[in-house]
Amino acid sequence: MMVKLHQFCIMSAPTTAQYAAIEALKNGDDDIVEMRGEYDMRRRFVVGSLNKMGLTCFNPEGAFYCFPCIKSTGLSSEEFCTRLLHSKHVALVPGSAFGDCGEGYVRLSYSYSIKHLTRAMELIKEFLKELQDESNS
């Protein structure tokens with residue numbers, strides 16, 4: 001039974017999604033404008049925050065992800081993400097998941113609410129301070 005259900009879910013778009021797409025195409029232009037502004041504000045906030053923390057980050061132009069450099073921490077991208085998750089409960093994706101060239105970077109989505117992003121930036125800043133204190137000991 002589950003195999004049949006799975007097959008029908010992945011073989012074509014569900015009817016409800018098709019109706020939602022029609023509605024979005026007919027009446028969604030205002031929402032697009034609003035969300036474009038929201039994502040731009042979130043992107044500027046996150047990129048600015050990361051750069052202020054010393055995690056160099058270029059300005060993404062085609063996605064809602066940032067890819068800051070974490071090489072200054074001395075940690076691998078895997079170790080950085082694991083330690084951040086365990087100590088601050090902030091989940092990022094190790095750059096190594098995107099191949100060898102991604103090592104030394106992490107991927108961070110800014111598609112969350114500004115409230116969540118603000119808190120995540122605070123926690124990442126705390127984490128970086130703890131790493132610095134750790135290396136100075």
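Two strands pair if DSSP finds at least two bridges between them. The legends below describe a predicted model, in which local features need pLDDT of at least 70, side-chain atom pairs count only at pLDDT 80 or more, and totals for chains, interfaces and linings use all residues. Residues are numbered from 1 along each chain as its sequence is written, and side-chain values use heavy atoms, with hydrogens and water left out.

**View 1. The open sheet has three strands in the order 1-3-2.** The pairing in this sheet is antiparallel. Strands of a sheet pair through backbone hydrogen bonds, either parallel or antiparallel. Strand 1 (65-66) and strand 2 (93-94) are the edge strands, and each of them pairs on one side only. Strand 2 and strand 3 (residues 106-109) run antiparallel and are joined by two bridges. Across from Val-93 stands Arg-107, in strand 3.

**View 2. The whole protein has five helices and three strands.** Both kinds of element are DSSP runs, numbered from the N terminus: helices are H or I with at least four residues, and strands are E with at least two. Along the sequence the pattern is α-α-α-β-α-β-β-α. The radius of gyration is 19 Å, well over the 14 Å that the globule rule gives for 137 residues, so the protein is more spread out than a compact globule. This radius is taken over C-alpha atoms, and the globule rule is 2.2 Å times the number of residues to the power 0.38. Along the principal axes, the C-alpha atoms fill a box of roughly 60 × 40 × 25 Å.

**View 3. The surface of the protein exposes about 9500 Å².** Carbon and sulfur atoms supply 58% of this area. Accessible areas come from the Shrake-Rupley method with a 1.4 Å probe, and for residues only the protein chains shown count as cover. Of the 137 residues, 28% are buried. Buried means under 20% relative accessible area, exposed means over 50%, and partly exposed lies in between (1.4 Å probe, protein chains only). A contact means heavy atoms within 4.5 Å. Among contacts between residues at least 6 apart in sequence, 58% join residues at least 24 apart.

**View 4. The cysteines form zero disulfides.** A disulfide is a pair of cysteine sulfur atoms within 2.5 Å. For Cys-57, the nearest cysteine sulfur is that of Cys-66, 4.2 Å away, and Cys-57 is in no disulfide. Cys-57 is buried, at a relative accessible area of 6%. The sulfur of Cys-101 is too far for a bond, with the closest cysteine sulfur, in Cys-69, 13 Å away. Cys-101 is exposed, at 76% relative accessibility.

**View 5. Five aromatic pairs occur in the model, among them Phe-64 with Tyr-65.** A pair of aromatic rings is described by the distance of the centres and the angle of the planes. Rings of Phe, Tyr and Trp (its six-membered ring) pair if their centres lie within 6.5 Å; planes under 30 degrees apart count as stacked, over 60 as edge-to-face and the rest as tilted. Phe-64 and Tyr-65 make a tilted pair, 5.0 Å centre to centre with 35° between the planes. Phe-64 is partly exposed at 35% relative accessibility, and Tyr-65 is partly exposed at 31%. The pair of Phe-67 and Phe-98 is edge-to-face, because the planes stand at 75°, with the ring centres 5.8 Å apart. Phe-67 is partly exposed, with a relative accessible area of 22%, and Phe-98 is partly exposed, with 44%.

**View 6. Tyr-39 belongs to one aromatic cluster with Phe-64 and Tyr-65.** Tyr-39 lies in helix 3 (residues 29-53) and is partly exposed at 28% relative accessibility. Not counting residues up to four places away in sequence, Tyr-39 touches Tyr-110 and Ser-111. The C-alpha atoms of Tyr-39 and Glu-126 are separated by 25 Å, and these residues are 87 apart along the chain.

**View 7. His-89 has a positive phi of about 60°.** Most residues other than glycine have a negative phi, and most peptide bonds are trans. His-89 is not a glycine. The place of His-89 is in the loop between helix 4 and strand 2, and His-89 is exposed, at 68% relative accessibility.
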